[in-house]
Amino acid sequence: MARGFPDGVVVQGSEGDWAGRPMTFAEWPYRYLIGEEMAGGGCAAHYPGPVRPEYPASEPGRPAREMYGRERGM
């Protein structure tokens with residue numbers, strides 16, 4: 001339980017420290033990726049997007065397939 005939120009997220013840092021966040025797991029990576037400090041000082045990641053996942057080739061000799069998401073607006 002993270003601060004009275006039964007489904008909270010607890011993140012352990014590299015030096016044994018930890019941070020509890022009163023939110024769902026889906027909200028945690030969203031906030032992390034938009035640049036909020038979610039796991040301790042200096043650990044935020046900000047990727048403005050759009051997200052471009054690449055799918056590996058379905059069989060040898062075929063190219064990988066790249067998909068494009070919409071602009072994230074963040």
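Leaving aside residues up to four places away in sequence, Met 38 touches Val 11, Arg 21, Met 23, Trp 28, Arg 31, Tyr 32 and Cys 43; contact means heavy atoms within 4.5 Å. The model is predicted, so local features need pLDDT of at least 70 and side-chain atom pairs count only at pLDDT 80 or more, while totals for chains, interfaces and linings use all residues. Residues are numbered from 1 along each chain as its sequence is written, and side-chain values use heavy atoms, with hydrogens and water left out.

**Core**
- The largest nonpolar core has five residues: Val 9, Val 11, Met 23, Trp 28 and Met 38.
- Such a core is a set of buried Ala, Val, Leu, Ile, Met, Phe, Trp, Tyr and Cys residues joined through side-chain atoms within 4.5 Å; buried means under 20% relative accessible area, exposed over 50%, partly exposed in between (1.4 Å probe, protein chains only).

- Strand 1 covers residues 9-12 and includes Val 10; strands are DSSP runs of E, at least two residues, and helices runs of H or I, at least four, numbered from the N terminus.
- Val 9 and Val 11 form the covered face of strand 1, Val 10 and Gln 12 the uncovered one.
- Strand 2 (residues 18-21) runs antiparallel to strand 1, joined by four bridges; pairing requires at least two DSSP bridges.
- Gln 12 stands opposite Trp 18.
- Five residues separate the strands in this hairpin, where Gly 16 has a positive phi near 90°.

**Loop**
- Gly 41 lies between helix 1 (27-33) and strand 3 (54-55) and is exposed, at 79% relative accessible area.
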